Amino acid sequence: MEHIFIDKHKRREIKTIFATKGLGVFVEGAGLSKLSKKYNICVEKVDQMNLFQIRLTEVTDHTDLMLCTIDDEVFERIKVEQAINVSFNGFVDHLIKILDGCKKDELFVAILEDKGQKFMQLYEKRPFKNLTHLFLPLNIATTNEILFHINQALETFQNKLLSSRGQIERQTAELNDKAEIISDLRNEVKNLSQKLYEQENLIFNRNTEEVNRLQQTIKHLQEGKETMEKKMKHDLRSMQEKVESMSRECISTNEKLMHENKNNVFLKEEINRLNSYISELKATNHKLMQDNDKHKSRENRLEQKVSELQKLYNDAQESLLNHQKDIQRISAELEAEKNIAHSKRTALSLASEEITSANRIIIKQKKEMEKLKNKIDVRTEVALQQEKVIEEKEKDNEVLQGIVRELKREFDATKIKKNEFIDTIDSLQDSVCAIEEKYSKKIKELSVDLDRAVVTKAKYRLIN
């Protein structure tokens, strides 16, 4: 029956029902102790026949091949000798279960030799005595059987090798495709790097042009400042000439005042009423000063730009206080017209101080532009807050200018005969307003330039 398992024509009818590799088997020879070897165990069964074969092949030496072929005759003998109570098919099923237990190290396999006959022992280890489940006779394979199974193993290995080669070729093709993709990506990265370099050069050139434009703007501002200084000097000379002419007019005015003493009583009463009104305005001004202090405490938390803008507001506040001093001075003139010329000189000196303060503001704005060039990276949010602060200051200035206009209306109603002095005060007020408008326009222009520079820097950052 053994020839059936090595017949190529009948191999189609043979089915492998169990196979395992590298199973530990204890081998016992005559007068020798047990040795543990690794065997490949395979169980094959012929379809439509009560015939199966157990094949044990040593892992390191395929010539060490032992076979156990069991048909109906051998099964009946084993059944009688070992008191087996199952049929042939049940025997096969239980044998597969026992071999599965050996695979899981629950049961064990040993090869024994007795009187020249080898047996395969399937047993279970117990503390007292090992429990043998089955004894099966083993035969050493013939040369033809050894060669046949070696050829089978070689064919299987060759098929695996061919499939491995095909897989290697597919993987090599995939690697080549990936290499081409990587090469294309590298070329694309190189092109993108070139484009990025060109873009950076373009951005750098644009920024250079923008910086040159800003420098030209600063140069024009400096030229405008020099022109304004010349104009202010010319206005100062004209004001001095007016003061001299007014001093000459004061002599004639003193003569007229002798005839106006009777009207002074009524004017003094009116002045007293105005003084009470001025005290109320002072209280309002004090409240405004407190609000201004609150604004200052909030503005102190801002950076240098806000503090310098606060100085501009303080200058405007000082100009308002100077106007109030002019009002008090005019009240004093009604009591003693002899001091009018001196008061006008004081007003002129105050106007000169305002011009000097305006020149200081221009110098400070120049320094501020130099600082803004260095701080343009961190002033985007501050610029927005500064615009809000400027709007609040402009509103406060509008309120203060409204108060001044109301005071002017009161004095215009009560001093009809003093038109010449009121015209002089109005001319001073107009000059102050013109100065405020000029510097407020300059501040707005500088704010617009700052916003443009911030937007340009933000665009440059986004592009980078």
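Helices (H or I, at least four residues) and strands (E, at least two) are DSSP runs, numbered from the N terminus. In helix α3, Arg213 and Glu210 lie 3 residues apart, about one turn of the helix. This is a predicted model, in which local features need pLDDT of at least 70 and side-chain atom pairs count only at pLDDT 80 or more, while totals for chains, interfaces and linings use all residues. Residues are numbered from 1 along each chain as its sequence is written, and side-chain values use heavy atoms, with hydrogens and water left out.

Side chains of opposite charge can pair when their charged atoms come close. The structure holds 3 salt bridges, a salt bridge being a side-chain nitrogen of Lys or Arg within 4 Å of a carboxyl oxygen of Asp or Glu. One of them joins the side chains of Arg213 and Glu210, at 2.4 Å from N to O. Accessibility is described here as buried (under 20% relative accessible area), exposed (over 50%) or partly exposed (in between), with a 1.4 Å probe and protein chains only. On this scale Arg213 is partly exposed at 34%, whereas Glu210 counts as buried at 18%.

Another salt bridge pairs Glu44 with Arg55, whose closest N and O atoms are 3.4 Å apart. Because Glu44 lies in strand β2 and Arg55 in strand β3, this pair ties together parts that are 11 residues apart in sequence. Both Glu44 and Arg55 are buried. Glu124 and Arg126 also form a salt bridge, with 3.5 Å between the closest N and O atoms; Glu124 is partly exposed at 23% relative accessible area, and Arg126 is partly exposed at 42%.

Strand β3 also holds Gln53, which is buried with a relative accessible area of 2%. The side chains of Gln53 and Thr69 are joined by a polar contact of 2.9 Å, where a polar contact is a pair of N or O atoms within 3.5 Å; within protein, one must be able to donate a hydrogen and the other to accept it, and residues adjacent in sequence count only if both atoms are side-chain atoms.

Where does the second largest pocket lie? Domain 1 (8-141) and domain 2 (143-300) both give residues to its lining, so the pocket lies between them; the domain bounds come from an automatic or database domain assignment. About 670 Å³ of space lies in this pocket. A pocket is an open set of points on a 1 Å grid over the protein atoms alone, where a 1.4 Å probe fits, with protein on both sides within 12 Å along at least five of seven lines, and lining residues have an atom within 4 Å of a point. Of the 22 lining residues, the closest to the centre of the second largest pocket are Lys21, Asn40, Arg55, His62 and Ala153. Helix α3 gives the most to this lining, with 9 residues, and β1, β2 and β3 each supply at least two.

Most residues other than glycine have a negative phi, and most peptide bonds are trans. Ala83 has a positive phi of about 55 degrees although it is not a glycine; Ala83 lies in the loop between α1 and α2 and is exposed at 58% relative accessibility. Asp105, likewise not a glycine, has a positive phi of about 65 degrees. Asp105 is found in the loop between α2 and β5 and is exposed, with a relative accessible area of 56%.

Key. Points joined across faces, edges and corners; volume = space filled by probe spheres on them.
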